[in-house]
Amino acid sequence: MGGETLLSVGIDIGTSTTQTVFSRIVLSNTAPAFSIPRIQITEKTVLFRAPICLTPLLRPDTIDAEGVRALVADAYRQAGVRPAEIGCGAVIITGETARKQNARAVLEALSGFAGDFVVATAGPRLEAVLAGRGAGAAAMSEEKGRSVLNLDIGGGTTNLCLFRRGEAEQAACLDVGGRLLRFEPGSLRVRDFTEAMSRIARDAGVRLAPGETLTQAQAEALADRMAGVLLESVGLRPRTPLHDALCVGEALPEGCEADIYTFSGGVGACVYGEGTDDAAFSDIGAELGRSLARSEFFTRGRVMRPPETHSATVIGAGAYSVEVSGSTVCYRNVTLPMKNLPVGVVRMRDAEDMNGLRARVLEQISLHDGLCAIGFEGIRAPDYATVLRLAEELGEAMTALPVKVVIMERDMAKALGQALLRRWGPDASVLCIDGIHLRYGDTVDIGVPLSEGRVLPVVVKTLAFASGEDGKP
């Protein structure tokens, strides 16, 4: 079969700016002739970038939902795209903006603009991974065979993601960004600042107060301290209490140095000498970019410019948030799309893991109040007896679930799904898909079938830091 083309949109509502990017995604069968089809995303092309606009706020803690909706509607008009033409995509609220009071109301106002998928407020790991993929850091790590650590620096936060061989290995987030300190236009007169900026200023020995004017030396001292925290986070300087205070969730592991560093985001672009007009946003962002450009990132590390800087997160949301399932799916009596479905991940990667599987699945069902999918790695090339035994263990544990969703990475969904259907009967609501890698704490959106019903589009949303297995963070 030939390739199938989808139109995708990414909408990123950030602390400083709102961006909308339209992309083309091509699904193709990459399997040899006379083999089981293997449908994969084989092409991602950015078609149109709407102008970057300041995120409209009603108050410092409240997003202007109608204002954002108007910006996105205008982006559609400029691109010549109707919402009905969108096959998939994502709306994400990132950085400090994700903490605004009415973030969910904004998502609801925009839900009609992104096809079947609306990603809720993006947690630090999801944002870091999307930004790194959208910037091109993931692809760079695969092409060069080197570890690449991308720092996506926006208005409110910095999201860090370490990639090896194209895969995200570590992620972290820090309260370091350009909008932490805002000035009156055309001056260094303080307009307002965040609590995180107060901590930074105290550590740097700079007094901050609304209405007071900083000297250039004081502004540089604040930017240098912010840059220092980022250097501490990647192991280029010893860590200090300020670093720990500014971490959002878990930090990167100690000594997490990379072969290559890349920067993206609005402030990240300033590192490379782009968009350094201080008057454009009247904040500390351009100064932070200049500080990073003269820091140990360049003297001790190796810095490269990724293909994307400003639009990394929004391109990641539109072109990299969607995966497709394996071609051996099995589903019956289910209504699609499914949105925001929590996943209870259990250990199941070889025959020995059958022992105690039923209890582990029941524990996850209990933890999620009976509303979740069950996810696991799966067994490579299982024989028929192993599939039947796995179906028996899952069948007993999941019987009470009204909709039974099983998601695995290994290619075994069709055989397992058919075994489960024989066990549960023809009236059961069952969805069994493979080809999807999951971690504990993930939720998923599962879309309507594509490619003549052979595959399902899936958005995996990691909205919290998580590690370990069997529900143990």
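K404 is buried (under 20% relative accessible area, against over 50% for exposed and in between for partly exposed, with a 1.4 Å probe and protein chains only), yet K404 has no salt bridge, and the nearest side chain of opposite charge, D427, is 11 Å away. A salt bridge is taken here as a side-chain nitrogen of Lys or Arg within 4 Å of a carboxyl oxygen of Asp or Glu; for charge, Lys and Arg count as positive and Asp and Glu as negative, with His and the chain ends not counted. The model is predicted, so that local features need pLDDT of at least 70 and side-chain atom pairs count only at pLDDT 80 or more, whereas totals for chains, interfaces and linings use all residues. Residues are numbered from 1 along each chain as its sequence is written, and side-chain values use heavy atoms, with hydrogens and water left out.

K404 belongs to strand 18 (residues 403–408). Helices (H or I, at least four residues) and strands (E, at least two) are DSSP runs numbered from the N terminus. The side chain of K404 reaches the backbone oxygen of L401 at 2.7 Å. Beyond neighbours within four places in sequence, K404 is in contact (heavy atoms within 4.5 Å) with M398, T399, W424, S429, V430 and L431.

In the chain, 15 helices and 21 strands are found. Of its 473 residues, 56% are buried. Among contacts between residues at least 6 apart in sequence, 69% join residues at least 24 apart.

T18 is located in strand 2 (residues 17–29) and counts as buried because its relative accessibility is 4%. The side chains of T18 and T55 are joined by a polar contact of 3.0 Å. A polar contact is a pair of N or O atoms within 3.5 Å; within protein, one must be able to donate a hydrogen and the other to accept it, and residues adjacent in sequence count only if both atoms are side-chain atoms. With residues up to four places away in sequence not counted, T18 touches several residues, among them D12, I13, P51 and L71.

R422, by contrast, is exposed, at 54% relative accessibility. R422 lies in helix 15 (residues 413–424) and touches Y384 and L388, residues up to four places away in sequence not being counted. The C-alpha atoms of R422 and G395 are separated by 9.9 Å, the two residues being 27 apart along the chain.

Aromatic pairs (rings of Phe, Tyr and Trp, the latter by its six-membered ring, with centres within 6.5 Å; planes under 30 degrees apart are stacked, over 60 edge-to-face and the rest tilted) number 5. One of them is the edge-to-face pair of F263 and Y272, at 6.3 Å centre to centre and 70 degrees between the planes. F263 also pairs edge-to-face with F297, at 5.2 Å centre to centre and 85 degrees between the planes. This pair links distant parts of the chain, F263 in strand 13 (residues 260–264) and F297 in helix 11 (residues 296–299), 34 residues apart. Both F263 and F297 are buried, with a relative accessible area of 0% for F263. Y261, F263, Y272 and F297 form one aromatic cluster.

The structure holds 0 disulfides, a disulfide being a pair of cysteine sulfur atoms within 2.5 Å. The sulfur of C256 is too far for a bond because the closest cysteine sulfur, in C161, is 9.8 Å away. Likewise, the sulfur of C330 is 6.3 Å from the closest cysteine sulfur, in C432, too far for a bond. C256 is buried, at 8% relative accessible area, and C330 is buried, at 7%.
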